[in-house]
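Follow along with the model beside you.

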Amino acid sequence: MVSLIVVGEIGFWVVLSAGLLARYGLRLRRTGAVLLALLPVVDLVILGATVADLRGGATADWTHGLAASYVGFSVAYGRRLVRWADGHAAHRLAGGPKPAGMPKYGAARARYEWGVCALTLLASAITVALIAAVQWLVGDGARTAGLDSWYPRMGVVVAVNLVVAASYTLFPKRERPGPRA
């Protein structure tokens, strides 16, 4: 399963790069759009292989949970990641404007961190739903018990992200004053 996840991650970046290269490097906007639209197929392959492995008699271990987590985070963060990569490709390959970075200070940074926290919460919810669905589809609690550890693990991920977002709200980072003239 780990190999499949690694291949899936590599596949994601290859398809993303090919889509952006087609769109900006080769000026084939429609081909680029089709390639970018294929990105969710990588997630479906990983999810399908996980279910097939477990339905085929395998006993669930941490790698099956990792596959569900990969898909959950890919679905939640995928659009943001593609938008980020698209902005950088447009800038480097097509002379577009330089993309704005994340805010560094104050309320803007706090809002940004709460947005990341919301995406992490969504990713964790998707992961938990996928794990529950896989357990239901397999229908053998003894063979899928290894996935149960992923429920609290996703809670920890969300909790850490909540602490980070709250810290930027309660203790906002301030810009240092420049040198005096």
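**Contacts, before anything else.** I count two residues as being in contact when heavy atoms lie within 4.5 Å. I also kept in mind that this is a predicted model.

**Confidence.** The protein chain averages a pLDDT of 91, and 99% of the residues score at least 70. Where is confidence lowest, and where highest? I found the lowest mean in H3, at 87, and the highest in helix H7 (residues 150-170), at 96.

**Thr 120.** I went to helix H5, where Thr 120 lies. Is Thr 120 buried or exposed? Its relative accessibility is 3%, and the cut-off for buried is under 20%, so Thr 120 counts as buried. I then listed what Thr 120 touches, leaving out residues up to four places away in sequence: Phe 73, Tyr 77, Val 157, Val 158 and Asn 161.

**H5 itself.** I tested the length of helix H5, residues 106-138. With 33 residues at 1.5 Å a residue, H5 should span 48 Å, and its end C-alpha atoms are 48 Å apart, so the two agree. Just after H5 I noted Gly 139, which takes a positive phi of about 70 degrees.

**H5 against H7.** Two packed helices are described by the angle between their axes and the distance between the axes. For H5 and H7 I read an angle of about 175 degrees, with the axes 8 Å apart. Angles over 145 degrees count as roughly antiparallel, and H5 and H7 are therefore roughly antiparallel to each other. I sorted the residues in this contact by class: 18 are nonpolar, 6 polar and 2 charged.

**H1 against H3.** I turned next to helix H1 (residues 2-25) and helix H3 (residues 39-55), which pack at an angle of about 170 degrees with axes 9 Å apart. That makes H1 roughly antiparallel to H3 as well. By class, I have 9 nonpolar residues here, 2 polar and no charged ones. Which residues of H1 meet H3? From H1 I wrote down Leu 4, Ile 5, Gly 8, Gly 11, Phe 12, Val 15 and Leu 16; on the H3 side they meet Leu 39, Val 42, Ile 46 and Ala 49. I pencilled a reminder beside that list: an α-helix has 3.6 residues a turn, so residues three or four places apart point the same way.

**Arg 27.** I looked into the loop between H1 and helix H2 (29-37), where Arg 27 lies. Arg 27 has a positive phi of about 60 degrees although it is not a glycine. With a relative accessible area of 56%, Arg 27 is exposed.

**Pro 103.** I found Pro 103 in the loop between helix H4 (62-94) and H5. Its relative accessible area is 28%, so I put Pro 103 down as partly exposed. Setting aside neighbours within four places in sequence, Pro 103 is in contact with Ala 108, Arg 109 and Tyr 112. I also took the distance between the C-alpha atoms of Pro 103 and Glu 113: they are 10 residues apart along the chain and separated by 9.5 Å.

**Thr 144.** My last stop was helix H6 (residues 141-144), which holds Thr 144. Thr 144 counts as buried, at 3% relative accessibility. Which residues does Thr 144 touch, not counting those up to four places away in sequence? I wrote down Ala 60, Gln 135 and Val 138.

How values were computed:
Residues are numbered from 1 along each chain as its sequence is written. This is a predicted model: local features need pLDDT of at least 70, side-chain atom pairs count only at pLDDT 80 or more; totals for chains, interfaces and linings use all residues. Side-chain values use heavy atoms; hydrogens and water are left out. Axes are lines fitted to C-alpha atoms, for helices over the stretch in contact, and angles run from 0 to 180 degrees between N-to-C directions. Helices (H or I, at least four residues) and strands (E, at least two) are DSSP runs, numbered from the N terminus. Angles under 35 degrees count as roughly parallel, over 145 as roughly antiparallel, 65 to 115 as roughly perpendicular and the rest as oblique. Ala, Val, Leu, Ile, Met, Phe, Trp, Tyr, Cys and Pro count as nonpolar, Asp, Glu, Lys and Arg as charged, and the others, Gly among them, as polar. The expected span of a helix is 1.5 Å times one less than its number of residues. Buried means under 20% relative accessible area, exposed over 50%, partly exposed in between (1.4 Å probe, protein chains only). pLDDT is the predictor's confidence in each residue, from 0 to 100.
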